[in-house]
Amino acid sequence: MMHPADLPDTVSVFPLPGALLLPRSRLPLHIFEPRYLQMLDDALKTKERLIGMVQPNPCQSNDSKLHQIGCAGRVTQFSETEDGRYLITLSGVSRFRIRSEQDGFTPYRRCSVDWAGFDRDLGKGEVDDRFDRDGFLTLLERFFSSRQLSTDWESLQEADDELLVNSLSMLLDFDPEDKQALLEAPCLRTRRETLVTLIEYSLRGGSNEETLQ
């Protein structure tokens, strides 16, 4: 587990629409663009081995077009293919807020960041004491059935609250702006409520009827 003092003031950022990383969760990535291959090589040379995942923000009027809040992950697994690509896993460490983008000579983007306000990300796993697990799984079953998706229901039932909510937030195919809302949720309960709202909205075919909560 990393401590606040271990977190750098600058991180390399990987803007990838729809790719969500959350603290204490794992995100597999396939790296093949030359600039991001160099980013990975450079990250592996540092003690922290951090890469920041950030959603592009097409609504921003300035040139950066990045959402202000992202999540840094530590490279915990990687393998190289015969043609020079990398298969890596990022383990979520902490969210951050972008203060400014740095000018430099790297082909990838680097940002000065602020870790304040995300202390809970470095602590133990969160618990949602108002989680209606049976009701949530019933709703999830309806959602999977409507999308003709399959899953390992036994693993879902055995997963703890945080792993269940965070994994689904990362894996389900929501719009990038919805993914950003899940990232910015201040606590597990709020993220679970947001996730439920998104699932219900999808089940209603995107209509604005009152939610089922």
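## Two helices side by side

Angles under 35 degrees count as roughly parallel. The model shown here is predicted. In it, the axes of helix 2 (residues 133-147) and helix 4 (residues 161-171) cross at roughly 25°. Helix 2 and helix 4 are therefore roughly parallel to each other. Their axes come within 13 Å. The crossing of the two helices is left-handed.

Which residues make the contact? Helix 2 brings Arg-133, Phe-136, Leu-137, Leu-140 and Phe-144. Helix 4 brings Asp-161, Leu-164 and Leu-168. Sorted by class, six residues in this contact are nonpolar and two are charged. No polar residue takes part.

Now turn to charged pairs. A salt bridge here needs a side-chain nitrogen of Lys or Arg within 4 Å of a carboxyl oxygen of Asp or Glu. By this rule, the model has 10 salt bridges.

One of them joins Arg-24 to Glu-162. Their closest N and O atoms are 2.7 Å apart. Arg-24 lies in the loop between strand 1 (10-15) and strand 2 (26-31), while Glu-162 lies in helix 4, so the pair ties together parts that are 138 residues apart in sequence. Are the two partners buried or exposed? Arg-24 has 29% relative accessibility, so Arg-24 counts as partly exposed. Glu-162 has 9%, so Glu-162 counts as buried.

## A network of charges

Glu-126 and Arg-120 also form a salt bridge, at 3.1 Å from N to O. Glu-126 counts as buried, at 15% relative accessibility. Arg-120 counts as partly exposed, at 43%.

Which residues are linked in a network of salt bridges? The members are Arg-24, Arg-120, Glu-126 and Glu-162. The network thus includes Glu-162, a residue of helix 4.

## A pair within one helix

Glu-193 and Arg-189 form another salt bridge. Their closest N and O atoms are 3.2 Å apart. Both residues sit in helix 6 (residues 188-203). They are four residues apart there, so about one helical turn separates them.

How open is each partner? Glu-193 is partly exposed, with a relative accessible area of 25%. Arg-189 is partly exposed too, with a relative accessible area of 31%.

Notes:
Residues are numbered from 1 along each chain as its sequence is written. This is a predicted model: local features need pLDDT of at least 70, side-chain atom pairs count only at pLDDT 80 or more; totals for chains, interfaces and linings use all residues. Side-chain values use heavy atoms; hydrogens and water are left out. Axes are lines fitted to C-alpha atoms, for helices over the stretch in contact, and angles run from 0 to 180 degrees between N-to-C directions. Angles under 35 degrees count as roughly parallel, over 145 as roughly antiparallel, 65 to 115 as roughly perpendicular and the rest as oblique. A crossing is left-handed if the near helix is turned anticlockwise from the far one by less than a right angle, and right-handed if clockwise. Contact means heavy atoms within 4.5 Å. Ala, Val, Leu, Ile, Met, Phe, Trp, Tyr, Cys and Pro count as nonpolar, Asp, Glu, Lys and Arg as charged, and the others, Gly among them, as polar. Buried means under 20% relative accessible area, exposed over 50%, partly exposed in between (1.4 Å probe, protein chains only).
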